[in-house]
Structures are given as C-alpha cells and as structure tokens.
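Work through the following exercises with the sequence and the model open.

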Amino acid sequence: MDDLLREAEQMMEGEPKYEKISFYDEEQDGFAEFFVLERTKLNGTEYLLATQELNQDSDGYVFKVVAEHAEEDAEVTMELELVEDDTELEAVGKVFAELLSDDLNIEI
C-alpha cells in the first residue's frame, strides 16, 4: 500500500518515475547511474535510451543490451554496451525520436 501511495504522490508532483541502471565505466573505473527514458527493440536487439540527469538539456545515451542474467533473488542483471557505431546510433535514435516525440526533443 505504501508503494501505491508513493507512486500516486509522484504522479501528482509531475515527476515521472524512471528506472535507474548502473553502468560500469572502464575509463572512470567505477559505476555511473542513468535514468532509463525508453526501451525499444530493433532487429531483435533491445536498446535503452538513458540520461544521467532529468533536465531539458541533458545528454542522452543509447545502450545495447548484449546479455541478460536472472539472479536467484529474481533480480535481472543486464550487460550493456554503449552504441558508438554511427549507422546503428542513427537508426535507433530515429526510433526513440518517434517514440518520444511528444515528450522530448531528441537531436541525433
């Protein structure tokens, strides 16, 4: 019941509730947290559009799910890869732009 009340309060505040993921950054040798704005599948591959900050001018990142592992406690761990290929990024970016055209202004 408490969870339902919290969700109702968040909806009334106008703050959308986004899933948070942690991504290990080898260059920084640590984890960075991201808010998942949207998910989609393209040619059988799942992609996530994520950002580190929830404001209008924040940068978005496209991650490709390369593997998923179900843990014993029912938690799912995903292996993610940052999409860096320009052709792949453009194709997935167009899908995200269509999905979120009413909510966000996405520039590729």
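**Exercise 1. List the residues of the largest nonpolar core and state which elements supply them.**

Solution. Start with the members: I21, F23, A32, F34, V36, L48, A50, F63, V65, M78 and L80 make up the largest nonpolar core, 11 residues in total. A nonpolar core here is a set of buried Ala, Val, Leu, Ile, Met, Phe, Trp, Tyr and Cys residues joined through side-chain atoms within 4.5 Å. Buried stands for under 20% relative accessible area, exposed for over 50%, and partly exposed for values in between (1.4 Å probe, protein chains only).

Next, assign the members to elements. At least two residues of this core come from each of β1, β2 (30–42), β3 (45–51), β4 (60–70) and β5. The largest share, 3 residues, is that of β2. Helices (H or I, at least four residues) and strands (E, at least two) are DSSP runs numbered from the N terminus.

Then look for a second group. Another core of 8 residues lies apart from this one, and L49, V62, V92 and F96 are among its members. As background, nonpolar side chains in soluble globular proteins tend to be buried together.

Before going on, note the basis of the values: the model is predicted, local features need pLDDT of at least 70, side-chain atom pairs count only at pLDDT 80 or more, and totals for chains, interfaces and linings use all residues. Residues are numbered from 1 along each chain as its sequence is written, and side-chain values use heavy atoms, with hydrogens and water left out.

**Exercise 2. Find the contacts of I21 beyond its neighbours within four places in sequence.**

Solution. Apply the contact criterion, heavy atoms within 4.5 Å. With those neighbours left aside, I21 is in contact with A32, E33, F34, V36, L48, M78 and L80.

**Exercise 3. Describe the protein as a whole: its elements, burial, contacts and surface.**

Solution. First count the elements: there are 2 helices and 5 strands. Read from the N terminus, their order is α-β-β-β-β-β-α. Second, take burial: of the 108 residues in the protein, 24% are buried. Third, take the contacts with a separation of 6 or more; 25% of them join residues 24 or more positions apart. Last, the accessible surface is about 8500 Å², and carbon and sulfur atoms hold 44% of it. Accessible areas come from the Shrake-Rupley method with a 1.4 Å probe; for residues, only the protein chains shown count as cover.

**Exercise 4. Locate D29 and N43, and state the phi and the exposure of each.**

Solution. Begin with the background: most residues other than glycine have a negative phi. D29 is not glycine, and its phi is positive, near 55°. D29 sits in the loop between β1 and β2, and its relative accessibility of 56% makes D29 exposed.

For N43, phi is also a positive value near 55° in a residue other than glycine. N43 lies in the loop between β2 and β3. At 77% relative accessibility, N43 counts as exposed.
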